[in-house]
Amino acid sequence: MAIRHCNLCERKVEAKREIGVGSLLLVLLTGGLWLIALIFYGERCSICKGNSLSNEKGQATYSIGHFMLGLLVLLFVINLIIM
Ligand SMILES: [Zn+2]
C-alpha cells in the first residue's frame, strides 16, 4: 500500500492492488502461474478505483521495477519448463 496522486480525484490517495476472488481462482486453476500475472496488476485508487495514479503530480505510472520483476519470474518459469 502506498500514497499516490490520483489524476482523477486530483488528490493524494491510498493506492492498493485489487486482487479479487476471480484472481485467486485463476491462481488455483493455473497452478500458481497466474501469480506472475498478479505482478502486473496495477495499483488502483482506493476512492475512485481508477488506475490513473502517479508518484508525483504529472508523472507517469509506469513502473520499471514491476516490469523487471515480472520478466525475471517469467524467465525462471520458462527455465523450469525447459529443464
Ligand atoms: Zn481516484
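**Start with confidence.** Colour the chain by pLDDT. The mean over the protein chain is 81, and 87% of the residues reach 70 or more. Now select residues 21-29, helix α1. Confidence is highest there, at a mean of 88. Move on to helix α2, residues 34-39. Here confidence is lowest, at a mean of 80. Where pLDDT is low, predicted coordinates should not be read in detail.

**Select residues 2-6 and 11-17.** These are strands β1 and β2, which pair in the antiparallel sense over five bridges. Pick I3 in this pair; E14 of β2 stands opposite. Step along to R4. Its bridge partner in β2 is V13. As a rule, side chains in a regular strand alternate between the two faces of the sheet.

**Go to the turn.** Four residues lie between the strands of the β1 and β2 hairpin. E10 takes a positive phi near 60°.

The pairing of β2 with β3 is antiparallel, over three bridges. Select A15 to find a facing pair: C45 in β3 stands opposite.

**Return to β1.** β1 and β4 pair in the antiparallel sense, over two bridges. Which residue of β4 is the bridge partner of H5? Select S54 to see the partner.

**Last view.** Show β1 with both of its partners described here: β2, over five bridges, and β4, over two bridges.

Notes: Residues are numbered from 1 along each chain as its sequence is written. Two strands pair if DSSP finds at least two bridges between them. pLDDT is the predictor's confidence in each residue, from 0 to 100.
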